[in-house]
Amino acid sequence: MEDLTEALRQWDLRMSTLPEKGRSLFANKDFFPGEVIIKQEPCVFVPNNSASQARCDTCFSSSNLKKCSACRVVWYCGSSCQKSQWKVHQLECRALSRLDEDKRKYVTPSIRLMLKLCIHRKLQDERIIPSTATDNYRLVEALVSHMSDIDQKQLVLYAQMANLVNLILQWPNINIKEITENFSKLSCNGHTICDSEFRPLGTGLYPVISIINHSCLPNAVLVFEDTAAVVRAVQYISSGSEVSISYIETAGSTITRQKALKEQYFFTCSCPRCENVGKFNDLHESAVLEGYRCRDDSCTGFLLRDSDNRGFFCQRCGLFRAKEELKELSNKIRTMLDRAVTSTSSAQLEEAISIYKMVEQFQRELYHPRSIFLLQTREQLLKMLMEVEDWKEALAYCRLTVPVYESVYPSNHPLLGLQYYTCGKLEWLLGYTDGAVRSLTKAVDTLRVTHGTSTPFIKELILKLEEARAETSYKLKLPSERVTVL
Ligand SMILES: C[S@@+](CC[C@H](N)C(=O)[O-])C[C@H]1O[C@@H](n2cnc3c(N)ncnc32)[C@H](O)[C@@H]1O
């Protein structure tokens, strides 16, 4: 691990082990919002290919794809992408080519990630590919696996997957127990590789990034530049402080967040946000995010359960809502949501949109105006309305989501920046230039911190903002120029 210590020192970082968290990453200098803390290429990675969506194995592009002619499993967009992966794919290709067509459908992205990890290790051991301080197999060995925490069913599944890897590779002396454990390691250490707008593209293993622990109020964010993982400070991090990122969607109540962390990562978070669990502020936050609205439309109070468990009282105006009424509305929404999901999956977009609009209407009656359930429905409507190019309605829903984003996320949160961006793009498209300037300015202010300033994504955003500003000042000049002429 000396090599790793030295590599981290060069990043002004150090690793320490905390009794309650295990390995943890600490800053050796002050980091300011927007500053890159660490950038790492994956040691192994795969695209999330499915029957309906294929991507290049190297750059994740979805255009000009050709299947590898030998294994007929892996896609590349061109010879340079194919060549860059050849040393690893050569062994994988040989193994996959032995499989009959039927067995190839069991080669899921998770299986491929493990095949690549085994091959990566073998090639490093044989010195065919270099082994560095930040991607050697000792770092994989050091990852937490939580083998004693996972349930029997999951364990059996990992063991079956390890057997499949063995069957595909057909190497002598393969250690099935170790591969089983590695599947468990991937579950709590692997990262979903996303594009700049947080759409998932693939999965990768970044053993140094995996040292970073979770907080529901993180001081850093993980984004991807192509397949490289980049961790940037989103708050001021003073020298000596622990660097933290969020593993989960943080727009949820403490109970929801803790459940998600326990299920996948097997720990109880004790970050400053979670420390409040059960206190008034926390109850208030959950009642707004996941609770019901006041019966009085003009009241923005939040509801808490009454002591007899008969219903809920508004904490602002005291109005009561009975359990039965709320249950009836919830059931109606659930039935409609099922119909909406069926329509969406059968690509009946117009029908799905009208059902989601009804769901939204009922949810407005049921949930608090800043509820995340209402937010999710509006998000879904926004996405579908953009697909059918109904920009005006899409903007209306987008504008409804922005105040909720502002209240659930801290100021330098990437999802908040992306929502300002969507709003700004729609406003620009519809000719609301002033609104577009305001929204795009907020998007730039947030996303330059989370995404940096040099990626094509941010450059395009800055260009859009400059265009919108130019148009605003052109419009402002028009009447006065006319006055001069007159
Ligand atoms: C990606 S690893 C992070 C590095 C890990 N601490 C280690 O020793 O390798 C994720 C695991 O770290 C631990 N962990 C992460 N964040 C934590 C936190 N805030 N509190 C306690 N444990 C945490 C959990 O065991 C979790 O499954």
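Helices (H or I, at least four residues) and strands (E, at least two) are DSSP runs, numbered from the N terminus. The model is predicted: local features need pLDDT of at least 70, side-chain atom pairs count only at pLDDT 80 or more, and totals for chains, interfaces and linings use all residues. Residue numbers start from 1 along each chain as its sequence is written.

**View A. Phenylalanine 198 in the loop between strands S7 and S8.** Phenylalanine 198 is found between strand S7 (191-194) and strand S8 (200-205). Its phi is near 65°, a positive value in a residue other than glycine. Phenylalanine 198 has 12 other C-beta atoms within 10 Å and is therefore exposed. For burial, C-beta atoms are placed from the backbone; a residue is buried if 20 or more other C-beta atoms lie within 10 Å of its own, exposed if 12 or fewer, and partly exposed in between.

**View B. Asparagine 64 in the loop between strands S4 and S5.** Asparagine 64 is not a glycine, yet its phi is positive, about 55°. With 10 other C-beta atoms within 10 Å, asparagine 64 is exposed.

**View C. Packing of helix H3 against helix H5.** Helix H3 (residues 86-97) and H5 pack at an angle of about 125°, with their axes 9 Å apart. Axes are lines fitted to C-alpha atoms, for helices over the stretch in contact, and angles run from 0 to 180 degrees between N-to-C directions. H3 and H5 are therefore oblique to each other; angles under 35 degrees count as roughly parallel, over 145 as roughly antiparallel, 65 to 115 as roughly perpendicular and the rest as oblique. The crossing of H3 and H5 is right-handed; a crossing is right-handed if the near helix is turned clockwise from the far one by less than a right angle, and left-handed if anticlockwise. H3 contributes Lys87, Val88, Leu91, Glu92 and Ala95 to the contact, and H5 contributes Leu115, Lys116, Ile119, His120 and Leu123. Two residues are in contact if their C-beta atoms, placed from the backbone, lie within 7 Å. The contact of H3 with H5 comprises 6 nonpolar, 1 polar and 3 charged residues, where Ala, Val, Leu, Ile, Met, Phe, Trp, Tyr, Cys and Pro count as nonpolar, Asp, Glu, Lys and Arg as charged, and the others, Gly among them, as polar.

**View D. Isoleucine 129 in the loop between helices H5 and H6.** Isoleucine 129 is placed between helix H5 (109-125) and helix H6 (137-141). Isoleucine 129 counts as partly exposed, with 15 C-beta neighbours inside 10 Å. Leaving aside neighbours within four places in sequence, isoleucine 129 is in contact with Lys87, Leu123 and Gln124. Lysine 87 is 42 residues away along the chain, and the two C-alpha atoms are separated by 8.0 Å. Tryptophan 86, found in helix H3, counts as exposed with 11 C-beta neighbours inside 10 Å.

**View E. Helices H11 and H12.** The axes of helix H11 (residues 323-345) and helix H12 (residues 349-366) come within 9 Å and cross at roughly 160°. H11 is therefore roughly antiparallel to H12, and the crossing is left-handed. The contact includes Leu326, Ile333 and Met336 of H11, and Ile355, Val359 and Leu366 of H12. By class, the contact has 13 nonpolar, 4 polar and 4 charged residues. Leucine 326 of H11 counts as partly exposed, with 17 C-beta neighbours inside 10 Å. Apart from neighbours within four places in sequence, leucine 326 is in contact with Tyr292, Arg321 and Leu366.

**View F. Helix H14 and its buried residues.** Helix H14 (residues 391-408) has 18 residues and reaches 25 Å from its first C-alpha to its last, close to the 26 Å expected at 1.5 Å a residue. The expected span is 1.5 Å times one less than the number of residues in the helix. Buried in H14 are Ala394, Leu395, Tyr397, Cys398, Val404, Tyr405 and Val408. Their cover includes helix H10 (280-290), helix H13 (372-387) and H15.

**View G. Helices H15 and H16.** Helix H15 (residues 414-429) and helix H16 (residues 433-451) have axes that come within 8 Å and cross at roughly 150°. This makes H15 roughly antiparallel to H16. Their crossing is left-handed. Among the contact residues are Pro414, Tyr420 and Trp428 of H15, and Ala436, Leu440 and Thr450 of H16. The contact residues divide into 10 nonpolar, 6 polar and 2 charged.
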